[in-house]
Amino acid sequence: MGIMEIIGIAGSVSLLAGWRLYLCIFATGLAMRLDAIPIPEHLSSLGVLENPWVMGVAAVGALAEFFADKIMWLDSVWDTVHTLIRPIGGALLALAIVDPSDPATQVIAFLLGGGASFLAHGGKASARAVVNTSPEPVSNLVTSSAEDVATVGLLYVAYEYPTVAAAVAAVLLVIVAGMLWMAQRVVKRLFFRARGVQR
């Protein structure tokens with residue numbers, strides 16, 4: 001596996017961890033336990049994810065996040081609590097993916113993984129705050145469910161097809177940037193509307 005494929009996998013997993021950290025950990029551990037994804041020898045440090053205790057804690061976290069993320073405004077509270085947790089988790093996942101014999105690459109992976117997770121988390125949290133301004137609960141449910149499906153699907157693609165993992169990461173970056181741009185526009189519109197009402 002080449003360096004670009006490793007960077008692509010690390011980038012994809014880090015970005016997805018910014019959306020659904022617990023689901024990323026649980027899904028990766030489960031796939032490894034079921035031999036559904038071939039993990040190369042140099043990624044053996046990811047083997048800790050198939051530990052029953054790690055999988056159990058990740059499953060409880062994923063289940064709690066699944067339900068919290070479907071309830072309007074509770075999802076924003078959940079995102080706020082995880083502002084520090086998701087980037088650290090994404091950084092550690094990226095760290096586990098790179099070659100442990102190269103400390104410089106590990107530091108770079110840790111920093112970039114944490115940054116990617118934080119960016120994805122920021123995009124998700126901002127977009128969900130905007131979605132929560134909608135008076136009906138359906139858009140919140142649809143958005144949350146789409147994030148669940150996208151996380152599992154893209155995680156599978158990243159591990160199963162390492163050559164396209166970099167493309168997955170690039171697509172995720174575009175989506176996150178779009179979410180941040182959309183959230184910024186809506187917040188600005190709401191701000192100006194509120195100022196107009198006060199006059």
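In this predicted model, helix H1 is mostly covered, with 23 of its 31 residues buried. H1 runs over residues 3–33, and its end C-alpha atoms are only 25 Å apart, whereas a straight helix of 31 residues would span 45 Å at 1.5 Å a residue. Just after H1, aspartate 35 has a positive phi of about 55 degrees.

In general, side chains of opposite charge can pair when their charged atoms come close. Aspartate 69 makes a salt bridge with arginine 20, with 2.7 Å between the closest N and O atoms. Aspartate 69 sits in the loop between helix H2 (52–68) and helix H3 (74–81) while arginine 20 belongs to helix H1, so this pair ties together parts that are 49 residues apart in sequence. Are these two partners buried or exposed? Aspartate 69 counts as buried because its relative accessibility is 0%, and arginine 20 counts as buried because its relative accessibility is 2%.

A salt bridge also joins arginine 20 to aspartate 148, where the closest N and O atoms are 2.6 Å apart. Aspartate 148 is part of helix H6 (residues 138–160) and arginine 20 is part of helix H1, so the pair ties together parts that are 128 residues apart in sequence. Both aspartate 148 and arginine 20 are buried.

Another salt bridge links aspartate 75 and arginine 128, whose closest N and O atoms are 3.1 Å apart. With aspartate 75 in helix H3 and arginine 128 in helix H5 (residues 103–131), the pair ties together parts that are 53 residues apart in sequence. Aspartate 75 counts as buried because its relative accessibility is 0%; arginine 128, at 0% relative accessibility, counts as buried too.

The salt bridges come to 12 in the model. A network of salt bridges links Arg20, Glu65, Asp69, Lys70, Asp75, Asp79, Arg86, Lys124, Arg128, Glu147 and Asp148.

Attention now turns to the nonpolar side chains. The largest nonpolar core has 34 residues, and those that touch the most other members are Val13, Trp19, Leu46, Leu93, Ile97, Leu155 and Tyr159. Which elements give two or more residues to this core? They are H1, helix H4 (85–97), H5, H6 and helix H7 (165–198). H1 gives the most, with 13 residues.

Leaving aside neighbours within four places in sequence, tryptophan 19 is in contact with Glu65, Arg86, Ala120, Lys124, Ala150, Thr151, Leu172, Ile175, Val176 and Met179. Among these contacts of tryptophan 19, Glu65, Arg86 and Lys124 are also members of the salt-bridge network.

The last stop is the loop between H4 and H5, where serine 101 is found. Serine 101 counts as exposed because its relative accessibility is 57%. How far apart in space are serine 101 and glutamate 136? Their C-alpha atoms are 52 Å apart, and the two residues are 35 residues apart in sequence.

Technical notes. Residues are numbered from 1 along each chain as its sequence is written. This is a predicted model: local features need pLDDT of at least 70, side-chain atom pairs count only at pLDDT 80 or more; totals for chains, interfaces and linings use all residues. Side-chain values use heavy atoms; hydrogens and water are left out. Helices (H or I, at least four residues) and strands (E, at least two) are DSSP runs, numbered from the N terminus. The expected span of a helix is 1.5 Å times one less than its number of residues. Buried means under 20% relative accessible area, exposed over 50%, partly exposed in between (1.4 Å probe, protein chains only). A salt bridge is a side-chain nitrogen of Lys or Arg within 4 Å of a carboxyl oxygen of Asp or Glu. A nonpolar core is a set of buried Ala, Val, Leu, Ile, Met, Phe, Trp, Tyr and Cys residues joined through side-chain atoms within 4.5 Å. Contact means heavy atoms within 4.5 Å.
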